[in-house]
Amino acid sequence: MQKNNSTRLPPQLEQIERATVESGFSMASERDTGALLRVLASSKPAGGILELGTGTGIATSWLLDGMDAASRLYTVDIDRKTAAVAQRFLGGDPRVQFVLEDALAWLEGHEEHSFDLIFADAIPGKFEGFEIVWERLKPGGLYVVDDMLPQGNWPVGYGEKADGLLARLDERPDCSSVEIAWSTGLAIAAKYAR
């Protein structure tokens, strides 16, 4: 039982996947990652959710599919071309706000925001600026990263950074974390509510 068996897909997913292939974007989240994100988003009613790395919106569609009507999603990406795909298919959903700027600069300029679930799918928030992102996670919140298992499209040095992040999560006294050999490899950390 290593694969997601769900046949219910987010409504716009297949259109987004086709547009992703047409755009040449090669760093999109896998369906199995998305299925888990949907479950995690469902566990946060009226939740504040942050996605760092919109890409073309594949993971965004899964997060939205799990969210209730009172939840809000901020999805941040600096690449306007790829984010335009996500906006085309998901921009009509009032629960999502697209932010087109540097993720860490946006977080530093919006200290009033805190989140129940953070999916860090980009270098900022995953390997850069981790402490800023962690500060924005509410007690009891979940921090999720993917691409922790070796991938053919990893840039030089990515493996060392991934290992460093996993060690950092394991050593933190304010969280409990788990590494999961699911999809491209995930790590999930829950921030202690103390």
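So, how many bridges join strand β4 to strand β5? Five, and the two strands, residues 115-120 and 137-145, run parallel. Strands here are DSSP runs of E, at least two residues, and helices are runs of H or I, at least four, numbered from the N terminus.

Quick housekeeping: this is a predicted model, where local features need pLDDT of at least 70, side-chain atom pairs count only at pLDDT 80 or more, and totals for chains, interfaces and linings use all residues. Residues are numbered from 1 along each chain as its sequence is written, and side-chain values use heavy atoms, leaving out hydrogens and water.

Okay, the sheet. It's open, with seven strands in the order β3-β2-β1-β4-β5-β7-β6, and the pairing is mixed. Two strands pair if DSSP finds at least two bridges between them. At the edges sit β3 (96-99) and β6 (175-180), each pairing on one side only.

Now the aromatics. Rings of Phe, Tyr and Trp (for Trp, the six-membered ring) pair if their centres lie within 6.5 Å; planes under 30 degrees apart are stacked, over 60 edge-to-face, the rest tilted. We get seven pairs by that rule. Take Tyr 74 and Phe 115: edge-to-face, 6.1 Å centre to centre, with 75° between the planes. Tyr 74 lies in β2 (residues 72-76) and Phe 115 in β4, so this pair ties together parts 41 residues apart in sequence.
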